[in-house]
Structure formats: structure tokens, C-alpha cells
Amino acid sequence: ENHLSNLTWGKSCSPLLVRDLVVVTGGNQREKSLLAYEAATDKPVWQAGRDCASYCSPMLASVAGQEQILMVNGHSVTAHDTKSGEILWEYPWPDEFAKATQPLVIDTNRVFIAAGYGVGCVMLKVDRSAAGTWSATLLWKNRDMKPKFSNLLRRGQYVYGLDEGVLACMNLEQGKRVWKEGRYGHGQILLVDDLILVLAESGDFALVEVSPEKVRELGRFPALRGKTWNNVALVNDLLLVRNDQEAACYRL
């Protein structure tokens, strides 16, 4: 209904519910990157943005003291007012490769973004002046963390992720990688207390100790057969996993 063509690899965003609105991403044109509808009636409320969509999802966050919708787009990162969709701040992130990793809000005004395909990672500082003007300043960037389509985990001043399929740890204060070890492919990871749950691309499931010192895999078993790109879920002691061929539930 918005006359927007699909993305190359198809839509993959999750809708975001913000009070009485449901917010979704746009299409493959540099317009209408975010669209909001009344959740109860499907009536359009606002359309915002001037970039094509990425494979990320809109995310509600508090940055620099204000609630906003963070969005990693095809060629930029934007923050939007929840009621009007107005762009509060914008950081150009030009690259034709797909972006699929959700941003991490590090503290009150720092936002960490990363992408695969050799793009790398960026730390932004977001500020709001006394006059109400927003700004996003680059603190540092490098290629020490390049997640293709898995999300990142943060514990303290360290971030963990699958850097082109290899588990890696990065010091956020220094902007440097601490270690990189353990080939899990383009799978998915989940932080639970002091453990990283890894669902490898091979379908194997592994438990890895969270440590900035070294990689320590505590155990592993074959959970699924074949290529597995889907996120893992944990409900109490039940582990739920799936790929495009099968689903399974294990009691840990």
C-alpha cells in the first residue's frame, strides 16, 4: 500500500509496539524508512526517514535523556521521536552491504553499531544542547567487530560477537579487540548470566564462559541438522532452537 519494493533478501524486521502505535520499516527506496500505524485500527499515523530499509528492526531506547526509536537503515543510523517520527539525530553510514545487527546503547549517550561484510564497527556519542539541537559525534571506528547478521552481547565494558563467524571480545572503552577464537560460523548468540549460549551455523549448540581474558567452551552438542541462522531462545531450563528445516526443544 506504500508502493515500496521489497529488499533484496526480503523483509526481516520485527514490528515495534510503542504504546498505541506499531512501527515497521520501509522498503528498498530512500524514503519512508519508518512507518507507524495505530495498533488497534491499522490507521497510518506517520511516515518518516529518507533512507532505504535495512534488515534491522526499530528499537525503543533512552538516549541522552529522551526516549526515541533507534533505526539502523541501509545507509545511515537515525533516531526518531516516538510520537511524530521526526528525525532527532542522524549518522551517515554509507555502504551497499546489508546491515542486520541491532545497535547497542552503551550508557546514557553512547551508541555502538556494527556490520559484517568488512564494514566494521562505530562508537557514537549522542548529545542534546540546551537549545534542543541533537548531534551524533564519531568517537572511534575500526574493523575489529564485523557481525554479519547476529546481534552483539555486552557485559560491562566488553562486547562479544561473531566477527565474520568467529567469536570475539572487544574492549568498548579502548575500541580494541581483546581476543578472537572459536569458529561458530554465522550463527546466533545469547547472554545468560555469565554464559554465552551459541547456536552455531552448523546446528551445534555450545556453552561459552563470558570472560575478557580468554575463550573457554564448557560444552557442546549437536542440536539441529544443517545450516542454522535462527536465534536461540531460553525459557527457564528449556532451550528452543530452529532452522528452516526443523525445530527442537532441549532441557538443560
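Glu67 is partly exposed, with a relative accessible area of 33%, where buried means under 20% relative accessible area, exposed over 50% and partly exposed in between (1.4 Å probe, protein chains only). In this predicted model, local features need pLDDT of at least 70 and side-chain atom pairs count only at pLDDT 80 or more, whereas totals for chains, interfaces and linings use all residues. Residues are numbered from 1 along each chain as its sequence is written, and side-chain values use heavy atoms, with hydrogens and water left out.

Glu67 forms a salt bridge with Arg19, the closest N and O atoms being 2.8 Å apart; a salt bridge is taken as a side-chain nitrogen of Lys or Arg within 4 Å of a carboxyl oxygen of Asp or Glu. This pair links distant parts of the chain, 48 residues apart, with Arg19 in the loop between β1 (16-18) and β2 (21-25) and Glu67 in strand β6 (residues 66-72), strands being DSSP runs (E, at least two residues) numbered from the N terminus. Arg19 is exposed, at 55% relative accessible area.

The count of salt bridges comes to twelve, and among them is that of Asp163 with Lys180, at 2.9 Å from N to O. Asp163 is buried at 0% relative accessible area, while Lys180 is partly exposed at 37%. Both residues belong to a network of salt bridges that also includes Lys146 and Arg177.

The structure holds zero disulfides, a disulfide being a pair of cysteine sulfur atoms within 2.5 Å. For Cys13, the nearest cysteine sulfur, that of Cys56, is 10.0 Å away. The sulfur of Cys52, a buried residue at 7% relative accessibility, is 12 Å from its closest counterpart, in Cys56, which is too far for a bond.

Conventions:
Helix = DSSP H or I, 4+ residues; strand = E, 2+ residues; numbered from the N terminus.
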